[in-house]
Amino acid sequence: MKKIILLGLIISSLFAGSCKKALDINSTRVVNENNYWNTLEDARAAIMGVYGLTRAALADNNGHWIYGDVRMGNFDSPNRQDLKAVIKNDLNASYPVVEQLSNWRRFYAIINAANIFLERIKEVKAKDARYTENNMAVDMAQVRFLRAFAYFYMIRIWGDVPFIDSSDDGNFENRPKTDQKAILEFVQSEMLAAAEVLPYRYSANDIQQPGNYYNEGSGRWDGALVRKLSAYGVLAHVAAWQGKYVDVINYSKIVLNDYGKASMGYVSTQDLTDRQGLFYDKKSNQLLAFGFVFGHQDATYVGNIESLTLAEPVVNKNIPDIFVPKDSILSIFKETNDGRFNIDTTGITHSQLYFTNFAGRYPIFSKIKCIQGGSTDPTFRIFSSAILFTRLEDITLLRAEAYAVLGETTLATNDLNIVRQRRYNVDHMGLQNSSSTDYVAYSRAMHGTLIEAIFKERQKEFMGEGMRWYDQIRYHKIKQNNPAFLHLIETGGIYWPIAKDLLAQNPLLKQNPFWK
Amino acid sequence: MRIIATITFLGVLCTATYPFGNTARSACISNNLLFNESFLQQTDTAKKSVDTGVVGIASPKKSIEKKLQSKGNKLDPKKLSVFPALSLQQYLKGESAGLYVQEPSGEPGTVQHMFIHGTSQPLLSARELFATQPLVVLDGVPLVGEHPFAFDIQQFKYDRIGPATNTLANINMANIKSIEVLKDLSSTAIYGPKGANGVILITTNAPGTKRKITFDSYVGLAQPNSVTTINGKFENDFRRQFYNKYTANGNYSENDVYPLYLSDSLNNAFYGPSNWNDKYYNSEVVYGVNASISGGTDRANFRFSLGTLRSGGVADDTGADRYDTRFIINMKPVSWFTVSAMVNANQIMRQRNRNVRDRLSQVNYIPDLSSPIAPNKDYYSGYLSEFNKGFDKNKTNIIEGYVKLGVNLGKFNFISTLGLDYNEGTRDIFFARTLLQSTNYASNYYGYNQRATIDNVATYDYDLNEDHKFNFSVGSIIQYDKYRYSYAYAYKGSNDFIKLNLLESDPNNGNYLQPTVFRRELVYKFLDKTRNNQVSFYGKADYTYKEKYSFSAILRGDASSNQQPTNRWFYAPVFSAGWDIKKELLADNSSVSSLNLRASAGRMGRYENFDNYAQGPQYTAFIGFTGNLISPGYNGFAVLNRPYTAGSVGYDLKWAYTDQASLGINGSFLNDRINASIDAYFKEDKNMLLGVPSGAEYGYTSIIKNGMAIRNTGVDLAISANILPAEKLFSWNSSINLNFNQNKLTALPGGLDQLIIGDRLLKIGEAVDRYWVLTNEGIYNTDSEVPVNSGGYRLSYNGIGLKAGDPRWKDLNGDGAITNEDRTLTGHALPQVSGGFNNDFSYKKWTLGLNFYFNLGRELVNQEMANRFDFVNREGQNNINSVREITFWEKRGDYSKYLLYNPWSSVAPYQANQDIFVEDASFLKLRTLSLTYDLTEFFKKKAANVQKFQVYGSVHNVFTLTKYTGQDPELVSYTGYDTGYGMQIPRTFTLGVKMDF
């Protein structure tokens, strides 16, 4: 009897453990398909994810600035061989940063996330009544914009790229490159469609976005998201890149007419260069920017211009990664009364908002210096400046450029002077003039042809904002007088090589001919 | 400490309760059986090994296993314990054929790795390393390792966050009765998928019924090897060669800059005496003390032990202290029922190195690195004293315990085990402002790894008649694994006196739980956990025919929560057979004492350690980028995205498994004077997951797919010979163990035949531990020496035309361009042959022991020298690779081996992946030289109950013979790239005593 009982106990204990429950564990580290696309919060996580990926793509290896400012730009590098290679347009060089920057994967992450969002967001709408029709429309418009933006950004860097507009989940079929013109058509139509739906501001009782967006007030969203004018602003850039200057005027007009509705305005030189100025935090004046908000613990050591440019005495780093050589500074900032930087004939700098330690071996480009929470503490190099893609001054100068190309000299001069009014308004001691109309206006005699003056102004105004390289391409396309640069444009030397890793993975890809 | 106190109390309680000295039935398993004989004579029969009525529960698994196992598996703990080791890996190094131990640093208590029969994965990161480790089973409790999931938040993955203490530093060899290294499926199958990489089975000393006290102790001194130091002048002269050769005026370009610290030859800090080594290298005292007491009756007995150990590193004031205690109790309330319980508790306090790299990777911030630490003693000690303003406390508690219930009904036996292994670690750090350019840093880590196991097994013996004997067993195992950590770090505290990250404690304050000393925005907090469970059932049948033939078959089913619901179960069989040739054919041959042939074949699932694959297509919160992995969200909201950087996971992932077969023979000859075993094995791990780089146009770095297969084939050989038998005045025992292993990649997912991952090439038919390098044939002295191809283009490297001063790399495919196509696979990071050679010479009461350890067919990449020459790129950047430690001022390597290329060239002339940096790293070490004197008889005359009394002196790591030009060739991580970070494994002199009475 004893044995039977024991046997029974033993057998039951042997098999009692076979509970299925032990084997079903929901991971706390990832979210599976069952637990996603269900609620309003999921939609928010998804759309913020697309933004986050966009920010990551631009910040990765300081790409936004290395592509835009370092490549054949104003900067030189004291010690970094990889940046020296980029400065020389030696983009096949064997350096990790150069190799990683020739990889477009992170832009396709934006596109994939956007595609998934657009395919799946209806599930949230169906399951969660809190997720309104309008919320979904505005979300989809933003996501469509970001997807188009990613393509635009890639086309500027690589030219033709594969075009993918579905998530193709789990399948991941390799695609060849598509002609950039066709993609730019897509970009333009997507951005236009988005622009029509997007509000001027969020949570600000815009008719196109009534109520509080995701239950947060306007303070949370101002400057953080894509707005109607962001879309038109980028459209102006897309048009300018293609040389469609009539379109540039059309799109930029909307921005320049309506910026009041978006609670925007032109920034002063002081605000432009302040530690807590335009580049700090999120602000309506950032027409399109991806912020590293200090209060949200986004501040980062890399992924900003400061990590490249700042050094002693602004922060405690010996030598900057990149700097503008003195000769270049002197040749760029030749005009007097410039509030950003001016130097008199005796070599004394009066206004030095752009450069610190001009007398030193390496002048520090300190226009943008959002250290920690906008502090002056040089001891901890964590930065919180936003990746600013465009702002009102940019759109204004873009329109001036378009007018100038189309021969509307007066209108172009007016636009150029809107910017000049806020920059060339200091006296010979660097003090700001009391009257806002007291500034040095454009004159052909002093400042050269209009086109040249506009591009010179762009070079100064957007230094360190990742614009210079693309400005040069547009400039040389207009001027047609620099054979070496035109050769680059014609042979595709203005593009980056496609990373070896990508070519190895996808046999349908061909290396850009210039880099073979 | 509280645990130790409690256990001590319990121990005292028990010693008081149970009378000693009951010698009525001293049927305890004799320790002496094992002593002197690592090649255990097989005396017990199938029947005997199951619980024979002695108090205590023997594992039922042994029935015919011994016949099916290689005799080379068993190790002798008594011998191992002479080595002043802290970790199990150190004890086992070079002791068992087929077990390869990697000790990448002599810093005490750091993580070390073991590989049984080669690696079953390409060792790309800590993940693969974790997945290739053998399972360690202590008294039936499977031990849990430190899960690598915490690496996900680490920018710099040198050490895992937390104390990063070796979790196998919990084995006190004084408590160990036997160690077996189980290598093939015939013996590992019952341990299931977690044992697919092999099993190390540790059995602790069981209590006896006779009162017994043991005591052993050693004291020793670890001494550094001497080093040659250099100063700024040396470095300056070295660099000047390049400037003289490649620059006109000492500047490569007008804007580059010569390092400040080398610019001023009057600067005493860098150009003065280089005597930092006086402060860095130091002799350290090491010691170990162990004591145990055991006793009881035939109905109840116990064993209690205490130990403490100090392991000292010879550099940077490193060291580790261990306190351990163990208590085991067996009770037999009725004749058929036994209860047994054990607790083994350890605490390890580790004093870690003060490397700049390790500190910065912990701090996750790179200050300006343009000047290294000065080589002058005064400056260096000033730097070291800054550490005293803060702390770096590392504490690890490791606890194992079990409760076993045994039912013995004659032929029928049942054992139920509840086992628990738990290890927790804390690391508390404060670094003062002076260490980080006026930013102070505080960090706190607490994390644990835990494995609970419920293991039930029932066995039944059935003897049809004298010739046919059967044993059946069925078992079930449920394992619950849980890993967790909480971690926070903060910068910029208000001063250097408040060293804690204090939070507001008043719930009514609006700032409740917000940091008060450190800035809220600069306090980073992390919580993470992962769990996984395994459910297994197995049935096993053993059959012996006339004690000549034995067969065994196991069929098991395993389910893991880390597998997708549709593929949760994996069923696998294992068969093994043995043939006693001696009994069959050579019964009358007196020169052959035993001869057995064994064979086994089978399949076993491989356990997946990460829980994300089970989830199918998934979303993660990661939106980081290069240099910032911990981006918390966008605009203050958490995000969810596809796992673009971790790799896409689909719905169809399946179990990986291993197919293994082995054939072995062991025999003893000439009255057991020669024992030998040879085992040939075949091990192919199949269908393993690999992130295949693809899907870039969908945003992914890789797509996770099944289908990688890696085959390891080889031979384990173990021979021991009693060259001069013990009966003589002078005796000599010699034994050698070695393993020859060949690794081969046999399949890649999706039918690919090769795959590039980082700077590695995985190619079918080649080993996965090879380097992928360019062939260097010299230097181009002038531009005109560079060959021009038919198209008129100069030979190029990745599209860049080669120039004077660039290396003459071989264009293997002759296409006029040096690309990845021109790289070849060469060398092996893991040795092809490794093993040990041990000799014991005895004369009267004296014994002289010599233990050699060797690796053959192993190569290293001398990254440290490549870095030296690549100073332009290393110092041009300000990142973790620009760090120069104080050991930068130590002369290592042979500078004359390398040509002077143009270091400013953009073709990376000093990239490590070229054949000039690959070096033969085979070596032979005299690991232990020991001299023992046995005083047992002397003391026996004085006190009858002295069973053993020995004193010994030993020297460890006596010398190394190698062609390698860098540091000790052992001091290299699994990658095979010698970065120079390995800390010397010290030469240690010890004096010890062992007593049993």
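Helices (H or I, at least four residues) and strands (E, at least two) are DSSP runs, numbered from the N terminus. This is a predicted model, in which local features need pLDDT of at least 70, side-chain atom pairs count only at pLDDT 80 or more, and totals for chains, interfaces and linings use all residues. Residues are numbered from 1 along each chain as its sequence is written, and chains are lettered from A in the order in which they are written.

**Exercise 1.** Describe the secondary structure of residues 389–481 of chain A.

*Solution.* UniProt, in an unreviewed entry, places the feature "domain: RagB/SusD" at residues 389–481 of chain A; positions follow the numbering used here, feature names are shortened, and annotations may be inferred rather than shown by experiment. Over this stretch the chain is 61% helix and 3% strand. Its end C-alpha atoms are 28 Å apart.

**Exercise 2.** Characterise the side of chain A that touches chain B.

*Solution.* Residues are in contact if their C-beta atoms, placed from the backbone, lie within 7 Å. The contact takes 86 residues from chain A and 85 from chain B. Elements of chain A that each supply at least two residues include helix H1 (2–16), strand E1 (31–32) and helix H2 (40–59). H2(A) gives the most, with 11 residues. By class, the side of chain A divides into 40 nonpolar (Ala, Val, Leu, Ile, Met, Phe, Trp, Tyr, Cys, Pro), 19 charged (Asp, Glu, Lys, Arg) and 27 polar residues (the others, Gly among them).

**Exercise 3.** Identify the strand of chain B that joins E1(A).

*Solution.* Strands pair if DSSP finds at least two bridges between them. E1(A) is joined by 2 bridges to strand E21 (residues 618–619) of chain B, and the two run antiparallel. Within this pairing, Val31(A) stands opposite Tyr619(B).

Notes:
Two residues are in contact if their C-beta atoms, placed from the backbone, lie within 7 Å.
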